[in-house]
Amino acid sequence: MQKIPIASDHAGFEMKQKLIDFFNREFEFDDLGTYSEESVDYPDFAHKEANLIQNKTYEKGILLCGSGNGIAITANKHPDVRAAICWNAVIAKLARQHNDANILVLPARFIDFEEAKKCVKTFFSTEFEGRRHEKRVEKINI
């Protein structure tokens, strides 16, 4: 069973819990927090997970916040982390195929649970295409 780190701020907490409950037979989650809807600072959770991806403790992960923007911006400060905000399954598929994204970022206030499930299924079942995209991905880290 694939082990996946997952983290959120307070705005993503409810959806994070639903995803953990729904996918508990498919994935083993390492829940990095937050653990309630009490206000927290999203960078704390983004850095925690991005460090684990950067250090190759995990191959891929999931982050959630209200818009997805803050947590993605923070995670993408880390070398070799490619956090992609995905609001539907097509974007999740392209993020993996073309960008070799390794963190799925879900904008919890802007997608419903059904769409979030589709994003997770698609993101974790889609491989990076490589070839013409490989040189582009290599240019991301400066």
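Guide: One term comes up at once: contact means heavy atoms within 4.5 Å. This is a predicted model, where local features need pLDDT of at least 70, side-chain atom pairs count only at pLDDT 80 or more, and totals for chains, interfaces and linings use all residues. Residues are numbered from 1 along each chain as its sequence is written, and side-chain values use heavy atoms, with hydrogens and water left out.

Visitor: Which residues does G66 touch, not counting residues up to four places away in sequence?

Guide: Start with its place. G66 sits in the loop between β3 and α3; helices (H or I, at least four residues) and strands (E, at least two) are DSSP runs, numbered from the N terminus. Not counting residues up to four places away in sequence, G66 touches D9, A11, P107, A108, R109 and F110.

Visitor: How many Å separate the C-alpha atoms of G66 and R109?

Guide: G66 counts as buried because its relative accessibility is 7%; buried means under 20% relative accessible area, exposed over 50%, partly exposed in between (1.4 Å probe, protein chains only). R109 is among the residues that G66 touches. The two are 43 residues apart along the chain, yet their C-alpha atoms are separated by 4.9 Å.

Visitor: Is F110 buried or exposed?

Guide: F110 is in the loop between β5 and α5. Leaving aside neighbours within four places in sequence, F110 is in contact with G66 and S67. Its relative accessible area is 64%, so F110 is exposed.

Visitor: Is A75 buried or exposed?

Guide: A75 belongs to helix α3. Beyond neighbours within four places in sequence, its contacts are A46, A50, L63, V81, A83 and I103. With a relative accessibility of 0%, A75 therefore counts as buried.

Visitor: What is V120 in contact with, leaving aside its neighbours within four places in sequence?

Guide: V120 is one of the core residues that touch the most other members. Leaving aside neighbours within four places in sequence, its contacts are L19, F23, F27, I62, L104 and L106.

Visitor: How many residues are in the second, separate core?

Guide: This core includes A7, A46, A50 and L63. Among them, A46, A50 and L63 are in contact with A75. The second core has 17 residues.

Visitor: Which residue's side chain does K16 join in a polar contact of 2.6 Å?

Guide: K16 lies in helix α1 (residues 13–22) and counts as buried because its relative accessibility is 0%. A polar contact is a pair of N or O atoms within 3.5 Å; within protein, one must be able to donate a hydrogen and the other to accept it, and residues adjacent in sequence count only if both atoms are side-chain atoms. K16 is in contact with several residues, including G33, T34 and L64. The 2.6 Å partner is D31.

Visitor: What is omega for the peptide bond from G33 to T34?

Guide: Most peptide bonds are trans. T34 is in the loop between β2 (27–31) and α2 (42–54). The bond from G33 to T34 is cis, with omega near -10°.

Visitor: What is the phi of K56?

Guide: K56 is in the loop between α2 and β3 (61–65). K56 is exposed because its relative accessible area is 64%. K56 is not a glycine, yet its phi is positive, at about 65°.

How values were computed. Core = buried A, V, L, I, M, F, W, Y, C linked by side-chain atoms within 4.5 Å.
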